[in-house]
Amino acid sequence: MAEEKIIVTITGQDKTGIVAKIATTMAEVGVNIEDIKQTVMQDYFVMMMLCNIEQSKLSFSEIKEKLEEAAKSIKMAIWVQRKEIFDRMYTI
C-alpha cells in the first residue's frame with residue numbers, strides 16, 4: 001500500500017558516514033530501505049531512498065522526527081515524505 005512507503009531525500013556537503021548514519025537510524029526505527037540512489041557532484045552529496053515503514057512500531061511523524069535528528073547531527077538537509085504525496089507532486 002502506498003501509505004506504507006516513504007521517500008527520503010538527503011543533501012549536503014559530502015562527508016564520511018552519511019549513508020551509515022541514516023541507514024542505522026532507519027534500522028533502529030524499523031524502516032526498510034527498498035531502493036537507494038546517490039550521487040556526489042563537486043563535493044555535494046544527494047541521496048534518495050524509497051522505504052517501507054510497515055514494520056515500524058513508530059508513526060510516520062515519529063520516524064520523520066528521528067530521521068531529521070540524525071540528519072541534523074551530521075549537518076545534512078533531509079526531506080521525508082509519504083510516497084503518495086511525492087507521487088502527486090510530480091504527476092502532470
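Predicted model: local features only at pLDDT ≥ 70, side-chain atom pairs only at ≥ 80, totals over all residues.
1. Beyond its neighbours within four places in sequence, I63 touches I6, V29, V31, I53, S56 and L58. As for G30, its C-alpha atom is 9.0 Å from that of I63, and the two residues are 33 apart along the chain.

2. How many salt bridges does a search of the whole structure find? The count is two. In one of them, E34 pairs with K5, and the closest N and O atoms are 2.5 Å apart. K5 belongs to strand β1 (residues 5-13) and E34 to strand β2 (residues 32-41), so this pair ties together parts of the chain that are 29 residues apart in sequence. E34 is partly exposed, at 36% relative accessible area.

3. The other pair is D35 with K37, whose side chains form a salt bridge with an N to O distance of 3.5 Å. D35 is partly exposed, with a relative accessible area of 37%, whereas K37 is exposed at 55%. As a general point, side chains of opposite charge can pair when their charged atoms come close.

4. Two backbone angles deserve a check against the model. Most residues other than glycine have a negative phi. Q42 is not a glycine, yet its phi is positive, at about 50 degrees. Where is Q42 placed? Q42 is in the loop between β2 and β3, the latter spanning 44-52. With a relative accessibility of 81%, Q42 counts as exposed.

5. K75 is the other residue to look at here. Its phi is positive, about 55 degrees, although K75 is not a glycine. K75 lies in the loop that runs between α2 and β4 (77-82). Is K75 buried or exposed? K75 is exposed, its relative accessible area being 70%.

Note on methods. Residues numbered from 1 in each chain as written. Heavy atoms only, no water. Contact = heavy atoms within 4.5 Å. Salt bridge = Lys/Arg side-chain N within 4 Å of Asp/Glu carboxyl O. Helix = DSSP H or I, 4+ residues; strand = E, 2+ residues; numbered from the N terminus. Buried < 20%, exposed > 50% of the residue type's maximum accessible area, 1.4 Å probe, protein only.
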